[in-house]
Amino acid sequence: MLRLWKQVEHDMRAIWTLAGFAVAFLLVGSPALATGLAPSASRISILVERGDWGSARTQDIETVLTSVADVLVPYFPQRASSRVVVASSKQGPRVLLEKSPDGAYLVLLNVQDTRWDQFAYQFSHELCHLFANSEHREMSGGAVARDHQWFEESLCEAVSLFALKQLASSWEHSPPYPHWKDYAPAFREYAERLSGETHRHLPLNKSVAGWYAENREVLGSNPYLREKNEILATQLIALLENAPGSLGAIGYLNLERSSFSKSFEAYLESWFSCCPEEIRDFARQVISLFTRGDHDGTAVAVVTVSGGHSY
């Protein structure tokens with residue numbers, strides 16, 4: 001992360017200098033204002049910098065990313081006033097832990113041309129990291145703490161699929177521009193294509209608990225094993241779709257900075273404890289995934305109940 005920041009720091013200094021002029025332009029004469037896309041108290045402010053976006057215009061990218069944020073932010077009202085600067089980078093997609101001097105988040109995307117489904121897929125994943133308080137991760141020995149990062153990656157993959165489907169419904173009824181309505185099915189089709197990939201599904205008769213028991217060591221050592229992250233994401237998206245209001249529980253992950261150094265069991269319990277009662281159900285159901293035995297009758301319990309909580 002530090003190495004990446006050094007690579008972009010020089011260019012980003014110029015970006016932050018220009019950002020003030022860009023915001024001023026938005027306030028006095030941006031075409032986005034004419035279409036009702038100006039940031040408001042309940043809408044994340046998104047600024048897309050010029051870069052290697054192929055044939056896609058920065059104004060259109062901002063419109064798409066704002067649309068993505070609009071389907072997610074209602075679940076995370078505490079983030080409604082956040083500001084995000086988006087830059088094109090071969091190092092993306094990722095969100096940097098370091099903010100700009102004026103407090104904006106920096107998100108790097110690696111997409112070109114008018115692949116709005118890809119823009120939505122990547123950006124919703126990075127927004128999820130922001131919602132999940134990833135900036136609370138502390139530096140240790142010159143590196144960012146990655147304890148249980150694999151779980152956050154799986155959550156963000158699930159949120160990406162959720163966002164694609166929500167965006168499809170949104171654009172079918174109220175697209176940013178009338179002629180973009182025909183693109184709405186592409187979001188749903190992309191989500192369904194990803195969800196249907198064979199590697200995203202657990203083996204027959206294998207529970208999440210059994211799968212995790214077999215993979216916890218490798219997940220702990222490398223949080224970016226995408227095919228493994230995507231297996232859990234398939235289980236999580238099913239929970240989100242059955243109780244979409246529970247999505248807001250993700251906003252209470254990583255609130256306790258000390259939770260990173262705890263066991264995975266304690267990490268999940270910290271999340272559950274931080275959640276308000278009315279949205280705890282999603283965290284409760286996630287925990288239950290890790291306590292169920294395999295379908296063949298094998299008893300597996302990799303998360304134990306403690307502290308008097310009832311899951």
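Start with the cysteines: a search of the whole structure turns up 0 disulfides, a disulfide being a pair of cysteine sulfur atoms within 2.5 Å. Before you click further, note that this is a predicted model, in which local features need pLDDT of at least 70 and side-chain atom pairs count only at pLDDT 80 or more, while totals for chains, interfaces and linings use all residues. Residues are numbered from 1 along each chain as its sequence is written, and side-chain values use heavy atoms, with hydrogens and water left out.

**Stop 1**

Select Cys275. Cys275 is in no disulfide, and the nearest cysteine sulfur, that of Cys274, lies 7.3 Å away. Cys275 has 3% relative accessibility and counts as buried (buried means under 20% relative accessible area, exposed over 50%, partly exposed in between, with a 1.4 Å probe and protein chains only).

Now move to Pro276, in the loop between helix H9 (264–274) and helix H10 (280–289). Helices here are DSSP runs of H or I with at least four residues, numbered from the N terminus. Pro276 is partly exposed, at 21% relative accessibility. Show Ala249 as well: its C-alpha atom is 8.0 Å from that of Pro276, although the two residues are 27 apart along the chain.

**Stop 2: helix H10**

Of its 10 residues, 8 are buried, so H10 is largely enclosed by the rest of the structure. To see them, select Arg280, Phe282, Ala283, Arg284, Val286, Ile287, Ser288 and Leu289. These buried residues pack against helix H5 (149–173), helix H7 (208–221), helix H8 (226–242) and H9, where contact means heavy atoms within 4.5 Å.

**Stop 3: inside helix H5**

Next, pick Ser154, which lies in H5. Ser154 is buried, with a relative accessible area of 0%. Leaving aside residues up to four places away in sequence, Ser154 touches Asn229, Leu232, Ala233 and Leu236. While you are in this part of the chain, click Cys156 too: Cys156 is also buried, at 0% relative accessible area.

**Stop 4: the cavity**

Finally, select Val95, Leu96, Leu97, Tyr105, Leu130, Ser134 and Glu135, which line the largest cavity. A cavity is a set of points, on a 1 Å grid over the protein atoms alone, where a 1.4 Å probe fits but cannot get out; lining residues have an atom within 4 Å of a point. The structure holds 1 cavity of 30 Å³ or more, and the largest has a volume of about 30 Å³. Colour the lining by type and you get 5 nonpolar residues, 1 polar and 1 charged.

Definitions and conventions: Helix = DSSP H or I, 4+ residues; strand = E, 2+ residues; numbered from the N terminus. 1 Å grid on protein atoms, 1.4 Å probe; cavity = no way out; pocket = protein on both sides within 12 Å on 5 of 7 lines; lining within 4 Å. Points joined across faces, edges and corners; volume = space filled by probe spheres on them. Nonpolar A, V, L, I, M, F, W, Y, C, P; charged D, E, K, R; others polar.
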